[in-house]
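Colleague: I am new to this structure and would like to go through it with you. Could you put it on the screen, please?

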Amino acid sequence: MNKSSPLLDVLTRRNWRSILLGAISLSIVLWSAVQAAGTPLSASFTPASPRLGETVVVNIATASSQSTPPTTQATPPTVKVGTKTYPAFNVGKERFRAMIPTTPLEKPGDREATISDNTGKTTVKFPVADRKFAIQRINFSPGKSGVEATELELKQVAAFKATVSPTKLWSGKFIAPNAGKTSSPYGVRRYYNGEFATDYYHRGLDYAGGYGSAVVAPAAGKVVLVGYEKKGFRVHGNVVGVDHGQGLVSIFMHMSKISVEEGQMLAAGDDIGAIGSTGSSTGPHLHWGLYVNAVSVDPVQWRSQSIE
Ligand SMILES: [Zn+2]
């Protein structure tokens, strides 16, 4: 047989194609191994199956156990996901942690975090699962417009949410900031007069404790924002902002009374003030917003999981 049959011809061509594809993927694997072998960086993530709105923690080890003696690294690695770079903080010898916020505005699917420092870089992939968020339909009567935020409150609140201070102040699971039931969950999406609000999601968790009921710190932190309705906080009302450290902050809105001052250190459970209906609010409730690197995340995860 010196003439190949058409069938054999097709098979041979297929074989060559798979051999070629195999060679390409093998070299990609080898190349990644070479890249990773050049640096002592390694990374993992928690929780195992994050969902939209949750905080993803990237745990980084900067030196292999073989290095003798282990060196203490001065420069923390940076963590990049998409176009955003997140800070990493030292959480032990040669261990760092970065917190990546996710929101209801994002699409579910795989994310890749690139971790780099002066020794090189490595990547870790994590999936973000879809999640159903409740829908609310708001109808305005013609001519009726909502309360507009003042320049002062927009500026001060935006600066507060972007707070990233180096010391971790929280510890363990967060406690409820009010004893009342929750009335509106995180992440609710809205239609205004039948039109879907693409940028809106409920950036917090509402508690329906009665007027005057106690508001307490859900975790330790430092009071870095105190704003009053009568001083221009038209939408937020009487508001308290607490810095828990390392890019994690809490905001408490619509309060009737504030019992803390800027600069004050708080332990979990310490009195902050009382529930009210100040600012843009239709009835007494507490709005608790939790922000990770300036992005609103679901506080419920922080109530149920201990992120250290
Ligand atoms: Zn709210």
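Colleague: To begin with, which residue does Phe252 stand opposite in strand 19?

Modeller: Phe252 stands opposite Trp288 there. Please note that this is a predicted model, in which local features need pLDDT of at least 70, side-chain atom pairs count only at pLDDT 80 or more, and totals for chains, interfaces and linings use all residues. Residues are numbered from 1 along each chain as its sequence is written. Strands are DSSP runs (E, at least two residues), numbered from the N terminus.

Colleague: How many bridges join strand 16 and strand 19, and in which sense do they pair?

Modeller: Strand 16 and strand 19 pair over six bridges in the antiparallel sense. Two strands count as paired if DSSP finds at least two bridges between them.

Colleague: Is strand 19 mostly covered or uncovered?

Modeller: Strand 19 (residues 286–292) is mostly covered, with seven of its seven residues buried. Buried means that 20 or more other C-beta atoms, placed from the backbone, lie within 10 Å of the residue's own; with 12 or fewer a residue is exposed, and in between it is partly exposed.

Colleague: Which of its side chains point which way?

Modeller: Leu286, Trp288, Leu290 and Val292 point one way from strand 19, while His287, Gly289 and Tyr291 point the other way. In a regular strand the side chains alternate between the two faces of the sheet.

Colleague: Next topic: how many residues are in the largest nonpolar core?

Modeller: The largest nonpolar core has 51 residues; Phe252 is among those with the most contacts inside it, as are Val58, Ala113, Val239, Val240 and Met255. Such a core is a set of buried Ala, Val, Leu, Ile, Met, Phe, Trp, Tyr and Cys residues joined through C-beta atoms within 7 Å. Strand 16 (residues 248–258) supplies the largest share of this core, seven residues.

Colleague: Why does the core lie between domain 2 and domain 3?

Modeller: Domain 2 (42–128) and domain 3 (135–304) both give residues to this core, so it lies between them. The domain bounds come from an automatic or database domain assignment.

Colleague: What does Val240 touch?

Modeller: Leaving aside residues up to four places away in sequence, Val240 touches several residues, including Val223, Leu225, Phe252 and Met255. Contact here means C-beta atoms, placed from the backbone, within 7 Å.

Colleague: Moving on, how many residues of strand 5 are buried?

Modeller: Six of the seven residues of strand 5 (residues 95–101) are buried. Seven bridges join this strand to strand 2 (residues 55–61), antiparallel to it, and Val57 stands opposite Met99. Strand 4 (residues 84–92) is also antiparallel to strand 5, with four bridges.

Colleague: Finally, what is the mean pLDDT of the chain?

Modeller: The mean pLDDT of the protein chain is 88, and 83% of its residues reach 70 or more. Over residues 26–35 the pLDDT is below 50, and this stretch has zero contacts in the model beyond near neighbours in sequence. pLDDT is the predictor's confidence in each residue, from 0 to 100. Where pLDDT is low, the predicted coordinates should not be read in detail.

How values were computed:
Contact = placed C-beta atoms within 7 Å.
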